[in-house]
Amino acid sequence: MARKGPESTRSAQLLAWYDANARVLPWRARPGETADPYRVWLSEIMLQQTTVQAVKAYFEKFVALWPTVSDLAAAPLDDVLKAWAGLGYYARARNLHACAKQVVMRFGGQFPEGEEALRGLPGIGPYTAGAIAAIAFGGRHAAVDGNVERVISRIHAIETPLPDSKPEIRERAQALVPEARAGDFAQAMMDLGATICTPRDPNCLICPWAEHCRGRITGLAPSLPRKKPKKQVPTRRGVAFWIERADGAVLLRRRPEKGLLGGMMEVPSTVWSEAVTKPEAQAPLSAEWRKLPGLVEHTFTHFHFELTVWMAETITDGELRDDGDYRWTKREDIDGEALPTVMRKVVAHVLKD
DNA sequence: CACTCGTGGTA
DNA sequence: TTACCAAGAGT
């Protein structure tokens, strides 16, 4: 048998560090426990571009509501969207539900073990496929997320900016994955990135890889990985229409399946653009409008948003101008609706007066 | 490949 | 306040 290379030495060092420092997380199997692929998958979807802290409560809620993938697959999509409301990136919730149904229909309720098969399921991309294959099934796969990109960029002092450096990073990450304990190794890499090899001010003094980290040795570590500059975000504006019926119910509308906040509920609003012209012509119905003072502000990933609120009361509900997916919701039921955060801000803005 | 797609925390 | 960032995927 060939002598083991430097990669296996480094893998062993990191696993030893992990055994002593692993974080305890709700979705993570304790030492000796068998990983539950459903919990691994659910957590990985929720953790996409989302902090551990934000995910914890949602993860607990989901496993309480739906303990198995079959339970989740059997739930109405709207219930899933309601439970996901506030977590963001709502395409994940729709793909989560679609994926659960496929796992039941195509795989008898058991997640496939292969990275390739996992990659073909909705919402599972290169990172998540590798993570599930390694963590849930022990396959020798790298799970290359933002943490791993940072760690690998630093130990090899890769100065090529992202995303151009992705192929090299993936290659170097895969070379480090040990024959055994690939799942622990994947989680160790992420723990290292989250607790020591942090974006700002990395703590190289206690890093298990400090000795041979090219980034630390050259002094480049804190400035890595380099990234291509991103364009600045524009501002969009709109008007939301808060319409109350005589019995106190409020008019809500479901957004289109695709696009921003797809499938979620909203307080009916105009188009969102730089300048809104003739808001009253875009209202769901004709009414005497009262403009609420103040603004609802919200920042999305790629634009800032300023929403003003117009209010009106109506006697009947048979005068809607279009055949949009409207629903009258009682005031006390609004909190339970699938409202994204920006729309909850609208509700709070109206109710505070 | 560049862009779209949320939210909350931090310096 | 602004900017960046966090276990990315889909188009």
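**Exercise 1. Aromatic rings**

Which residues do ring pairs link into a cluster with Trp272?

*Solution.* The model examined here is predicted.

Step 1. Ring pairs join Trp272 to Phe300, Phe303 and Phe305 in a cluster. Across the whole structure, the search finds 13 aromatic pairs.

Step 2. Consider Phe62 and Trp84, an edge-to-face pair with 5.8 Å centre to centre and 85° between the planes. This pair connects distant parts of the chain: Phe62 belongs to helix H3 (residues 52–65) and Trp84 to helix H5 (residues 77–84), 22 residues apart. Both Phe62 and Trp84 are buried.

Step 3. Turn now to the cluster. Trp272 and Phe300 form a tilted pair, with 6.1 Å centre to centre and 35° between the planes. Here too, distant parts of the chain are linked, 28 residues apart: Trp272 lies in the loop between strand S3 (265–266) and strand S4 (290–291), while Phe300 lies in the loop between strand S5 (296–299) and strand S6 (304–314).

Step 4. Decide whether these two residues are buried or exposed. The cut-off for buried is under 20% relative accessible area. Trp272 has a relative accessibility of 14% and therefore counts as buried. Phe300 has a relative accessibility of 12%, so Phe300 counts as buried.

Step 5. The charged end of Arg236 sits over the ring of Phe303, 4.0 Å from the ring centre. The charged end of Arg255 sits over the ring of Trp272, at 4.9 Å from the ring centre.

**Exercise 2. Enclosed cavities**

*Solution.* 

Step 1. The largest cavity has a volume of about 120 Å³. Its lining consists of 15 residues, and those nearest its centre are Arg154, Cys197, Cys204, Cys207 and Cys213. Helix H9 (residues 146–155) contributes the most to this lining, namely three residues. Sorted by class, the lining of the largest cavity comprises twelve nonpolar, one polar and two charged residues.

Step 2. The second largest cavity has a volume of about 70 Å³. Among the residues that line this cavity are His141, Val148, Phe185 and Met189. Helix H11 (residues 182–195) gives the most to the lining of the second largest cavity, with four residues. The lining of the second largest cavity has nine nonpolar residues, one polar residue and no charged residue.

**Exercise 3. The largest pocket and an annotated region**

Describe the largest pocket and identify the helix that gives the largest share of its lining. Then describe the region that UniProt lists as a domain.

*Solution.* 

Step 1. The largest pocket holds about 1,200 Å³ of space. Its lining has 41 residues, the closest to its centre being Leu47, Gln49, Asp145, Gly146 and Asn147.

Step 2. At least two residues of this lining come from each of helix H2 (37–46), helix H8 (126–135), H9, helix H10 (166–176) and H11. The largest share, five residues, is supplied by H11.

Step 3. By class, the lining of the largest pocket contains 17 nonpolar, twelve polar and twelve charged residues.

Step 4. In UniProt, an unreviewed entry lists residues 46–195 as "domain: HhH-GPD". Over residues 46–195 the chain is 64% helix and 0% strand, and the end C-alpha atoms are 20 Å apart.

Definitions and conventions
Residues numbered from 1 in each chain as written. Chains lettered and ligands numbered in written order. Predicted model: local features only at pLDDT ≥ 70, side-chain atom pairs only at ≥ 80, totals over all residues. Heavy atoms only, no water. 1 Å grid on protein atoms, 1.4 Å probe; cavity = no way out; pocket = protein on both sides within 12 Å on 5 of 7 lines; lining within 4 Å. Points joined across faces, edges and corners; volume = space filled by probe spheres on them. Nonpolar A, V, L, I, M, F, W, Y, C, P; charged D, E, K, R; others polar. Phe/Tyr/Trp six-rings, centres within 6.5 Å; stacked < 30°, edge-to-face > 60°. Buried < 20%, exposed > 50% of the residue type's maximum accessible area, 1.4 Å probe, protein only. Lys NZ or Arg CZ within 6 Å of the ring centre and 35° of its normal. UniProt positions renumbered as here; feature names shortened; annotations may be inferred.
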